[in-house]
Amino acid sequence: MAISFKTIQTNMSMEHVQIGFMPPADRIIAENLAQLVAFGQTKGFDFVVSPLNSPEYERVLFKDHGPQSLELATWRAGLEAFRPEDLVVRTADHADYIVGTLPDWQEFDSKDAKVRLHSELALRQQFNWISHLGLGGVMLPYPSSTEPLSNYGRVLTGSLAMLAYTTCWFRVPCMDDTLEQMVDEDMQGMKSWERWNSIRNMAGPESKLGVALELAGSLPSDAVLDRWFAEPVKVIILPEDIFLTNNMGYPVLSKRHQQVVRSFIKHKPTFIISSSQLPKLVMNEFSDDALERGLSSPYADYVRYLHRTQDAPGVIDQFAVGYQDYLQAPLQPLQDNLESSTYATFEKDPIKYQQYELAVERALLDRPIPTEGEDITVIMVVGAGRGPLVNCSLRAAERAKRNVRVYAVEKNPNAFVTIQNMKASLWGDRVTIVFADMRTWKAPEKADILVSELLGSFGDNELSPECLDGAQKFLKPDGISIPANYTAFVAPMASNKLHADVSAFKDLAHMETSYVVMFKAISLLAQPKPIWVFEHPNRQDIPLDKDPLSNHHNIRTGSIEFVSEKGGMLHGVAGYFESVLYKDVMLSINPSTHSPGMFSWFPIFFPVRTPVYIPPNSTVVLDFWRLTDTRKVWYEWRVSCRFDGVEIHASPLHNVGGRSSSIGLF
């Protein structure tokens, strides 16, 4: 049964993977197209790939016609429709089951002006016919010439609007054997990406153009393949000749190919099995063909097996469903009162609270046992929310066998209702609850341990430094702050999808705003590096028992250099944090040290207004500022790139004076 191709991009799920079949283009003609469709349906394919035109259509190049030819002039003027012999796909029958391909004789960047022009005019005629038929998809050929693709990009950019309801894929080999003959082995595959990148940049971020990436027997390095995860790879083409045969006679992929395919499966592409031979399309029901006819494609079955046997999603993957590559504004807990659902989401993270509980326990064990007056250690939980850190502190005290008195300070009136109920039903006299802003509360006594949960995706972007500056006057001179410090990390990154989503707002403000994002379709151009750190308590800048007179000590500046060995497109900056809660007890969302199973924080994304091409082995410089005035805190950032010691790009300064985004202090 035909499956509507228009639903492929939106209805793919972990239960089903869409797989198409592509026979050799020169073997499909109008007379056997219906048989190809029937074969695909019988073999369990979701669609088939067929040439749109027959070889006869190459006549429109008019190679033997001079400029005065009436036939040539008539066709150029658009006064001639397709001839029946020009087409393989002649009717709309099975239009939702067919993906059309265009011939490779169309050379949009040919040195011959007539070939360039006629290739373009032919494309427009083809796109009009595809739109008329309502084909679900069309696959554009990868140019065989080594010429720059500037005219191809221009033609596509101006023509894609003609395909209102048709998915459009640009076919790209993972390695370009012609262009990469003299390329170092570890860089092979980048030429293909660069050619696609030139087309994509001309088409713009709003283009519906996707990638059909064709794998080969030899694969690029993981670092090169990683670039494709930041691109709109909608299709993976698997030629039958890259499969091996196992002991049972069934096709399988090498371990390296399996690894690559499984990595792409996480991004939910469509698959195409391409064959260099035309299978028997019409089978004799009175021969052995009858058994063969009833069997599905072993190649497609193998892809379904890989899809079905993926590792079960972990805790983070399960939590991230619906959040991946979704732009979210960072929380502003000082300016806004968080909703109950937000608290509930954070409280589902077991790892974070295990680490907090361990940190409090170790801090209690390191504190001297009180000898004067009451045998009590005072813990103050500031920004208590609905009370999870209070529970952690009480459990830690039981494990450490210490008597504690806990204060829970919270300024959100709605959350305070919850901790009132917690005190009445669970905590009793062990906990004193306080409805106040930690920065202005007058504590009745000094704390041994100050516990807070104010970290943001960038460490300091939810104003943990400003809040704890006001709260540290509660601490005894030798008191402990949990967390003790947190470090912000940055890395240059590529993500065509995220940049396109920000660009869709069509204004400066969104381009100068940071977003919390569960990264998926991204590629880091270099590994993250630390850019600044905050430590608590801050005895150096804030007098004992006093509030800070200004916030200038929380200004930070960082300029970090990265060498991008493979290069790529820079669409923005990825931000992460690491935090030392106490001694060796840590929390981290930095990829290299990520706390296993923790999902309370997603990374942060700082876009750049205009994507930047980063050549291989060039130096990327990220300049960041954390700035403040009496009412707000904001970030400013810029990126630059040097190649062979020469600056080849410098972006404008983003978010000057916090004009587009800031974090309110009140």
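**Charged pairs and a helix contact**

Tutor: Asp-301 is partly exposed, with a relative accessibility of 33%. The model in which this value was computed is a predicted one. The partner of Asp-301 in a salt bridge is Arg-304, with 3.3 Å between the closest N and O atoms. Arg-304 has a relative accessible area of 19% and is therefore buried, since the cut-off for that class is under 20%. Both residues belong to helix 10 (residues 298-308), where a spacing of three residues places Asp-301 and Arg-304 about one helical turn apart.

In general terms, side chains of opposite charge can pair when their charged atoms come close. The structure contains 36 salt bridges, and two further pairs deserve attention here.

Glu-361 and Arg-399 form a salt bridge through their side chains, at 2.9 Å from N to O. Glu-361 is buried, at 12% relative accessible area, whereas Arg-399 is partly exposed, at 49% relative accessibility.

Glu-80 and Arg-83 are also joined by a salt bridge, and their closest N and O atoms are 3.1 Å apart. Glu-80 is buried, with 17% relative accessible area, while Arg-83 counts as partly exposed at 29% relative accessibility. These two residues also take part in a network of salt bridges that links Arg-59, Glu-71, Glu-80, Arg-83 and Asp-86.

The helix packing may now be considered. Two packed helices are described by the angle between their axes and the distance between the axes. For helix 4 (residues 113-133) and helix 5 (residues 150-159), the axes come within 11 Å and cross at roughly 25 degrees. Helix 4 is therefore roughly parallel to helix 5, because angles under 35 degrees are classed in this way. The crossing of helix 4 with helix 5 is right-handed.

On the side of helix 4, the contact is made by Arg-116, Glu-120, Leu-123, Arg-124 and Phe-127; on the side of helix 5, by Asn-151, Arg-154, Val-155, Leu-156, Gly-158 and Ser-159. Sorted by class, this contact between helix 4 and helix 5 comprises four nonpolar, three polar and four charged residues.

Technical notes. Residues numbered from 1 in each chain as written. Predicted model: local features only at pLDDT ≥ 70, side-chain atom pairs only at ≥ 80, totals over all residues. Heavy atoms only, no water. Salt bridge = Lys/Arg side-chain N within 4 Å of Asp/Glu carboxyl O. Buried < 20%, exposed > 50% of the residue type's maximum accessible area, 1.4 Å probe, protein only. Helix = DSSP H or I, 4+ residues; strand = E, 2+ residues; numbered from the N terminus. Axes fitted to C-alpha atoms, helices over the stretch in contact; angles between N-to-C directions. Parallel < 35°, antiparallel > 145°, perpendicular 65-115°, else oblique. Left-handed = near helix turned anticlockwise from the far one by under 90°. Contact = heavy atoms within 4.5 Å. Nonpolar A, V, L, I, M, F, W, Y, C, P; charged D, E, K, R; others polar.
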